[in-house]
Amino acid sequence: MVESQVEGASPRRATLVTLCFFSLVVGIVTGYGAVAFRALVALIHNLAFYGTFTLDYDANMLTEPSTWGPLIILVPVIGGMLVVFLVNNFAPEAKGHGVPEVMHAIYFKQGRIRPLVAVIKSIASALSIGTGAAVGREGPIIQIGSSLGSSIAQLRNLPTGQRITLLAAGAGAGIAATFNTPLGAVLFAIELMMPEVSTRTFLPVVIATGAATYIGRISFGLAPAFEVPLAAIPQVSAIDLEALIIYVVLGVLCGVAAWMLIRSMLITDKFFKKLPVNDYVRHAIGMLSVGILMYVLLLTAGNYYVDGVGYGTIQEILRGGMTTLPLLVILFFAKMYATSVSIGSGASGGVFSPSLFIGATMGGAVGVIGTMIFPNAGINPAEFALVGMGGVVAAGTGAAMTAIIMIFEMTRDYNIVVPLVVAVAIALGIRRMLISETIYTSKLVLRGLHIPKERHSNMFMVHPAHEVMDREPIFLDAAMRVSEAVDSLTPKPKVASIVVVAGDRIVGVLPDIDHLFAIVGEQGNDTLSDIVDEDFVVVVDNTTLFDVIKRMHRRNARSAVVVQPCRGLPRQSDVRGVITKSHISDSVVSSMQNYLE
């Protein structure tokens, strides 16, 4: 990330206490924002499907057939037209599933998100979800929370690092309030949003997610996101080997399913962009096909199933009420198609919930097959559905720990933790073998933007200065002419730092010896005191590189003179070496060599 030069007042760094207070505000407001967003979705859904003006809506229940009959096919189209109008005219960033736009703001826009995005994203996503688009509600609330955090940071003119911290806190708060998963929300922010983790970044995220969770529990109750009857049954023995084998197979299939979802979203996105029509027609075509699919499922299977977030279908599978193998397989492909077409053609909504749906249907199907092959292995399709949910989410997003913890928090079923860990690890490995990008980063790659997939510890930052410095600097007198200095250095050393002294006093540093040779023709008669860089810092030899860089940044210095501990002003005899920016760069590369593939 590169800090842009912004006109106006310099950023004002907040204390950790102040930053935590801002994060508390972000968490509370995001929590109530999640409540308002769910109410808006309920209102639009009831108006669109039944023509009633009410907030009575339970997303964990299967959608009752609409009073419009076959005209329900047009409901997603009408909602889509409103979405396109809002996105095109007010906030193009509100298009799609939200998280890639937040990641783009973190890595390429110094954590800046326009406040208007939160408003437009809320309305556009509520319209998409409420009228039947096969998208989730977590992406919108993440973008809403992130926009709020970024807006507060911009209002207070905080520096980039603290702006990104509040943005990540808003994202975590959105996840926490949506799914009632405070631990998973913190891990989500750490794994996907935060470029670095420390006390000053971790505490604000924890405070925001805790506050949002509290608001969510006041509003929605203490129950987990999904009811799992099996969670109340204690596990009395280890998992059978036959069942473990099926879990391993499920892990492989989850990795393949995540790859299929990523590829299908990329393909549909390219397909709709190539259509020689405007955005309205493009989205109308996509949502018409989703509407037709919904109605066909209603006629043949008794319900729309793939509309909206799809929690009703997931809940039926977890309760053990949906174990028909052909239906589970059909819904797996139907949801993948509906989600890819919805987002690819221009809907506004998330992909986390569709990933849960796809994982649940596939896991349930594998569980059904497992019971046929090993009828005495204690295999239960509902538990396989839970593991499938975690596997597809982990493989698709790349956030393995987030997936494991969130599935546990969303269901409170500890019995599936061991197979869940196994399946998640396998699924993530398989997906990375098939495609390196996640469901979030793949969208950015299409724009030529690459997000780092690993978080390396800055191990080079703890090295003492004497391990990084140039141990054999060259000392030249300040009164020496440039031409004389070049003659004394011929032949030119490959690498050397020059310390310019006057007697025993340190005058400055010439960190780039090539520059000295380059100017000898025009400035050969100038003295070294005329050209020396006097903006340097002095550090003792046991100073960590982190502190060296911090002092160089504050002084806008290009180099640091490393000295042994001494009293008074350091002299030439105290100098042990020189650190330049090139030395720092070499240290960074050296520290990362064990991680580079």
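Predicted model: local features only at pLDDT ≥ 70, side-chain atom pairs only at ≥ 80, totals over all residues.
Local features are reported only at pLDDT of at least 70 and side-chain atom pairs only at pLDDT 80 or more, whereas totals for chains, interfaces and linings use all residues. Residues are numbered from 1 along each chain as its sequence is written, and side-chain values use heavy atoms, with hydrogens and water left out.

**Domains**

The bounds below come from an automatic or database domain assignment.

| Domain | Residues |
|---|---|
| domain 1 | 16-220 |
| domain 2 | 241-447 |
| domain 3 | 459-594 |

Between the C-alpha centres of domain 1 and domain 2 the distance is 21 Å, and their contact (heavy atoms within 4.5 Å) takes 59 residues from domain 1 and 57 residues from domain 2. The area buried between these two domains is about 4800 Å², with carbon and sulfur atoms giving 66% of it; buried area here is the accessible area (1.4 Å probe) that two parts lose on being put together, summed over both. On the side of domain 1, L62, H97 and A134 lose the most area to domain 2, together 14% of what that side buries.

**Nonpolar cores**

A nonpolar core is a set of buried Ala, Val, Leu, Ile, Met, Phe, Trp, Tyr and Cys residues joined through side-chain atoms within 4.5 Å, where buried means under 20% relative accessible area (1.4 Å probe, protein chains only). The largest core has 139 residues, among which M193, I314, L356, M389 and Y440 touch the most other members. Helix α9 (residues 241-274) supplies the largest share of this core, 12 residues; helices are DSSP runs of H or I with at least four residues, and strands are runs of E with at least two, numbered from the N terminus. Because domain 1 and domain 2 both give residues to this core, it lies between them. Leaving aside neighbours within four places in sequence, L356 is in contact with F179, F226, I314, M389, V393, I407 and M410. A second, separate core of 17 residues includes A485, I498, V500 and I519.

**The sheet**

Three strands form an open sheet of mixed pairing in the order β1-β2-β3, two strands being paired if DSSP finds at least two bridges between them. β1 (474-477) and β3 (505-510) stand at the edges with a single partner strand each, so one side of each is left without a neighbour in the sheet. Strand β2 (residues 498-502) runs antiparallel to β3 and is joined to it by 5 bridges, with I498 opposite L510 and A502 opposite R505. In the hairpin of β2 and β3, which has 2 residues between the strands, G503 takes a positive phi near 70°. β3 is mostly covered, since 5 of its 6 residues are buried.

Notes. Buried < 20%, exposed > 50% of the residue type's maximum accessible area, 1.4 Å probe, protein only.
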